[in-house]
Amino acid sequence: MVTQTVESGAAGHGAEPRGKRTEAGEATYLIAIAEALWEEMERDERVFLLGEDIGAYGGAFKVTEGFIDRFGPERVMDTPIAEETIVGLAIGSAMEGFRPVAEFQYADFMSSGFDEITTVLARYHYRSGVPLPVVLRGPSGGGVRASSFHSINPEPWFAHAGGIKVICPAFPSDAKGLLKSAIRDDNPCMFLEHKWIYRRIKEVVPEDPDFLVPIGRAEVRRIGTDVTIVTYGAMVHRALDAAADLAQKGVSVEVVDLRTIHPMDTEAVLESVAKTSRALVVYESYRFLGVGAEVAAVIAEEAFEHLDAPVMRLAPPNVPVPFSPALEDAFLPDVADIEEAVQKLSAW
Amino acid sequence: MATEVSKERYLAEAVEELASLTPDHLREVLYKLKLCRYFDERMEALYRQGRLPGAIYSGRGQEGTHVGVAYALRSDDSLFPTHRDLSAQLTKGLDLNRVMAQFWGRIDGYTRGRDGNSHIGDWKGNRTFAVISHLPIAYPVACGAALAYKRRGEPRVAMAICGDGATSNGRWHEALNVSAIHRLPVVWVVNNNQYAYSTPNELEFAVPSIALRAAAYGMPGVRVDGANVLEVYAAARDAVERARGGDPSLIESVSLRWRGHAGHDPAKYVPRELLEDHVQNKDPVKRFEELLKAHDVIDDDGIKAIQERVGREFDQGYEYAQSSPFPVGSDVTKGLFVEDGYWTGEPSREGGTQS
């Protein structure tokens, strides 16, 4: 995995994030996220942001740069380093009618607010009927040499908590449309941005302020007939690269981008597997007891008669994300790994 | 570590506070105290007889704290209690029938059987947070409610209660700190009943009092005698008024947990002399009753009438709970997310009354 792009501080100043698009109207994933936040804050004054260094500084990755000038310090609220209380502030204000969006500087630090997230946020509506329209967002994922404490993929932890929708977009348009949906959703949503994608992937993103992408719906990114790759987040881009290579070698790969981990669009997965009869799950969270285990189990239970080969998983080992490029490259699935797995499945 | 207040001094000092409440209010406070005490005793008896499923967390001996702080709140103020603080929720206005239905896991309980015993709350009605065992998990959430009141310029207050044990947890300190930084309208209450399960105060903190810690966060802290409901009420009333003006404060109310952590715990770690001293000399219900009698706010007939009312209400609640149906098993997955409409619609009442 080669990574050369600067990871933070490159967005530049300005008021409306839309102004940061390219001349061709393309937005990076990061700018698309900023546009979603901005538009929803303009649309609904109950929406406010809170988190560490999000005000004058504009956030560790500069997602909220310029926001405080437009919306003021009450709606772009800087907090101390107190993650349990950041989540508590979000929950309590949501109980009283606000729609908070809490930023974590890195998704890794969500574990510092774990109890409020999994014990209060995930369970409160089931127990009490009180809706909690809370969004927790933060940069997740590896591949940027950020090592163990700035590279986590926490989606399985929180998907397993039950009452939280967990969203992992791979493209700028999805990031924008899904974040807007999350902010408008009356349930708790965790929005996991992939920091490797932030400034690497850009595309023309819809400008309609009511452009929404539905939560819980997968998207077929590449149509194919031989093997299905089920994936999400940064791994979508590896899978697409692998699929393009494999097409040259005569293997037709279908790439299903889950987009949301919980609730999971199992119908889309099953539909694709019914067509291809072979499935590989590629994901960046741990292989052990992970998203891929769930996808493989669903396929085994619901589509066994369609399978011509065992469902395979390609995911990192259950060890901390290592720093050294040699180790991190060995840790993360790459394009060659995916191609090898697909070839193995094809030959079954 | 409890504040030492003699009965004579209590009777004398309480006079000033007596004047701040009307006789009707004072009799209402006595009714609340007696309701909470009676409920606590009867529920424990049912638990010991094997007639009550699940667990109980007695708040006996701490009614002065619970009734005193909750009585200072208005109906639109919010309360964030713990499992120990059912008496505060009853004071805030929870319906005894529905509370009893909650204990028996019935559909008419406030959580529709999704939770039991004092893990209860009535946010939509009485503005109380549904209790969570992890402590003090509601402290940060109270900050959020208070932030909402501040943002909208509403003269409302969030009050959170936890025990002495929960003050050792990082969230307690986070929440106090954030409330002071952002000037949030919160009243922080610590029900210091001297034991965190079996762990005594001296193994919980090394400062002379919990109230002292308030200074570290830039807010006032007071220590009051939990046996004196009027002293607690006066402190809570002042703290609530201060919060309406935009500033948090801390109240440490000292009493003793008369019973174990939960129904199974005989609490043999509490020295017998300490317990006897509290039961004999620092009973918040008995003290208040004596005070009102001494000042002719109520007579023996009036006290008898309250006791009869409390007994009647308990019996009615018990019958209500037994005749309320269980939730139906097929609803177990409903209401996780709002989309299925489980919580905005009426639940099935087809579950029957036999488990």
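Let me start with helix 5 of chain B, residues 96–103: six of its eight residues are buried, so this helix is largely enclosed by the rest of the structure. Before going on, please keep in mind that what you see is a predicted model.

Which residues of helix 5 of chain B are buried? They are B:Arg98, B:Val99, B:Met100, B:Ala101, B:Gln102 and B:Phe103. The cover over these buried residues includes two helices of chain B, helix 2 (23–48) and helix 13 (300–323). Just after helix 5 of chain B comes B:Gly105, with a positive phi of about 70°.

Now to chain A, and to helix 3, residues 83–95. Helix 3 of chain A has 13 residues, and from its first C-alpha to its last it reaches 18 Å, close to the 18 Å expected at 1.5 Å a residue. Helix 3 of chain A is mostly covered, with 13 of its 13 residues buried. After this helix comes A:Gly97, whose phi is positive, near 100°. So much for the helix itself; next, what it touches.

The two chains meet through 33 residues of chain A and 29 residues of chain B. On the side of chain A that touches chain B, the elements giving two or more residues are helix 3, helix 4 (114–121) and helix 5 (124–128) of chain A. Which of them gives the most? Helix 3 of chain A does, with 10 residues. Sorted by class, this side of chain A has 13 nonpolar, 13 polar and seven charged residues.

One partner of helix 3 of chain A is helix 7 of chain B, residues 138–152. Two packed helices are described by the angle between their axes and the distance between the axes. Here the angle is about 50°, and the axes of helix 3 of chain A and helix 7 of chain B are 6 Å apart. These two helices are therefore oblique to each other. Their crossing is right-handed. From helix 3 of chain A, the residues making the contact include A:Gly88, A:Leu89, A:Ile91, A:Gly92 and A:Met95. From helix 7 of chain B, they include B:Val141, B:Cys143, B:Gly144, B:Leu147 and B:Ala148. By class, the contact of helix 3 of chain A with helix 7 of chain B has 12 nonpolar, five polar and one charged residues.

Helix 8 (residues 234–248) and helix 12 (residues 335–346) of chain A pack at about 55°, with their axes 9 Å apart. That angle makes helix 8 of chain A oblique to helix 12 of chain A. The crossing of helix 8 and helix 12 of chain A is right-handed. Helix 8 of chain A brings A:Arg238, A:Ala239, A:Asp241, A:Ala242, A:Asp245 and A:Leu246 to the contact, and helix 12 of chain A brings A:Val335, A:Ile338, A:Glu339 and A:Val342. These residues divide into six nonpolar, no polar and four charged.

Now some backbone details in the loops. Most residues other than glycine have a negative phi, and most peptide bonds are trans. Where does this model depart from that?

First, phi. A:Ser147 is not a glycine, yet has a positive phi of about 60°. A:Ser147 sits in the loop between strand 5 (135–140) and helix 6 (155–159) of chain A. With 15 other C-beta atoms within 10 Å, A:Ser147 is partly exposed. In chain B, B:Arg183 also has a positive phi, of about 45°, although it is not a glycine. Its loop runs between helix 8 (170–181) and strand 3 (186–192) of chain B. B:Arg183 has 16 C-beta neighbours inside 10 Å and counts as partly exposed.

Second, cis peptide bonds. One joins A:His262 and A:Pro263, with omega about 0°. A:Pro263 lies in the loop between strand 12 (260–262) and helix 9 (266–276) of chain A. Another cis bond runs from B:Leu135 to B:Pro136, with omega near -5°. B:Pro136 is in the loop between helix 6 (123–126) and helix 7 of chain B.

B:Glu154 is in the loop between helix 7 and strand 2 (158–163) of chain B. Is B:Glu154 buried or partly exposed? B:Glu154 is partly exposed, with 13 other C-beta atoms within 10 Å. B:Glu154 and B:Arg244 are 90 residues apart in sequence, but 8.5 Å apart in space, C-alpha to C-alpha.

Key:
Residues numbered from 1 in each chain as written. Chains lettered and ligands numbered in written order. Predicted model: local features only at pLDDT ≥ 70, side-chain atom pairs only at ≥ 80, totals over all residues. Axes fitted to C-alpha atoms, helices over the stretch in contact; angles between N-to-C directions. Helix = DSSP H or I, 4+ residues; strand = E, 2+ residues; numbered from the N terminus. Parallel < 35°, antiparallel > 145°, perpendicular 65-115°, else oblique. Left-handed = near helix turned anticlockwise from the far one by under 90°. Contact = placed C-beta atoms within 7 Å. Nonpolar A, V, L, I, M, F, W, Y, C, P; charged D, E, K, R; others polar. Expected span 1.5 Å × (residues − 1). Buried ≥ 20, exposed ≤ 12 C-beta atoms within 10 Å, placed from the backbone.
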